[in-house]
Amino acid sequence: MTIEYLKRGKAAEARAEDDAKTRAIVESTLKAIEERGDTAVRELSEKFDKYSPEAFRLSQDQIVALMAKVSDQEMADIKFAQEQVRNFAQAQRDSMLDIEVETLPGVILGHKNIPVQSVGCYVPGGKFPMVASAHMSVATAKVAGVPRIIACTPPFGGEPNPAVIAAMHLGGADEIYVLGGIQAVGAMAIGTETIEPVHLLVGPGNAFVAEAKRQLFGRVGIDLFAGPTETMVIADETAADAELCATDLLGQAEHGYNSPCVLLTNSRALADGTLEEIERLLGILPTANTARVSWEDYGEVIVCDTYEEMLETADDIASEHVQVMTDRDDWFLENMTCYGALFLGPRTNVANGDKVIGTNHTLPTKKAGRYTGGLWVGKYLKTHSYQKVLTDEAATMIGEYGSRLCMLEGFVGHAEQCNVRVRRYGGINVPYGEGAPVRKAAE
């Protein structure tokens, strides 16, 4: 068994140091928002985005004016993408059924899927206006039936980005705010004088946004920890070449300066060729200044002897995006267990998943794929159970078992909840503070 690293990314210790700095900044920023509300939010917007409008919430007239700046073709493309996202989200929603079953005569159990009552959708800006993130968060929340959807996005070039605003509005946002970063997610979760807090935060973002969501979890729900973009290419020589591998790696590395990108292969020739091709592409890629930093600091090339080793390594890394281009793509689909989303075959690519194909692009990072999947319509729904006991016989029988099991644990008050019903509906005199007696079978 041989697993060889031709290139390694930043050591875990260095990443932990970066995380600690981020954690401290976010903690103090959220405290300021909680203590000083709108004043703190405005100061943060002025400091980080150089943006301080009369009101951060856009009026209907402002939304209409911004949407008028979007070309007909751009608007058609946005609508097409949202249709794909809605269609898949609706299919997912249709698979989630309320149930009610009679588990014993007279005992009815069930559950209902109830939408979260308010959600805050963060649509990142940073170096690029993330139009697609509006589809993924806002439109999917609308399909789930969330009654109040608010959306925040940072200014882009000093003003709201028209395409992002259009996507938020068309997706179904009830309130749109031009706010970015920690101040946006903090305001949505904590609330201010002008922003009513939400019950759930969703959407991707940079390391500071992800850390803010982590610290706010518990006060509100969150979708998942969606930090800097990660991508992995699993490839062999039968289905991929160096150009495909290098293009798919750099296509995600351009997101930011800290986006891990990994090539996992069983071909040394493909690995060497990809390293060379990456250098060639970095010479012509317009976003190379960003992509090169990510590649140099976080890029990895791993060569394995076998497909089994490739599978084991992939599951250990648990990357957000996993592009599979091999002679056994379905084998990886069947056997992989830890990832954000799979993109199977050379005709498939992460960019289509990010922008248009219909699956959600808000996905787990930093190994969170070991315990959660990505954002989907089910994240906006809470599954609540209920129970009904309809007959005297059922109340008596369940009550007798419940009484004895409560006494087994020492919960006398719990037992009395059962006993009072055994007495009332079964006519059985259970002494106060005792468990129900075991009746003979004939009884």
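Me: Why is Glu4 called partly exposed?

Reply: Glu4 has a relative accessible area of 33%. Buried means under 20% relative accessible area, exposed means over 50%, and partly exposed lies in between (1.4 Å probe, protein chains only). The value of 33% therefore falls in between, and Glu4 counts as partly exposed. This is a predicted model, in which local features need pLDDT of at least 70 and side-chain atom pairs count only at pLDDT 80 or more, while totals for chains, interfaces and linings use all residues. Residues are numbered from 1 along each chain as its sequence is written, and side-chain values use heavy atoms, with hydrogens and water left out.

Me: How do you know that Arg268 forms a salt bridge with Glu4?

Reply: A salt bridge is a side-chain nitrogen of Lys or Arg within 4 Å of a carboxyl oxygen of Asp or Glu. The closest N and O atoms of Arg268 and Glu4 are 3.3 Å apart, so the pair meets this definition. Arg268 lies in helix 9 (residues 268-282) and Glu4 in strand 1 (residues 3-7), so parts that are 264 residues apart in sequence are tied together. Helices (H or I, at least four residues) and strands (E, at least two) are DSSP runs, numbered from the N terminus.

Me: What makes the contact of Glu400 and Arg439 a salt bridge?

Reply: Their N to O distance is 2.8 Å, which is within 4 Å, so the contact qualifies.

Me: Why is Glu400 called buried?

Reply: Glu400 has 6% relative accessibility, which is under 20%, so the residue counts as buried. Arg439, at 35%, is partly exposed.
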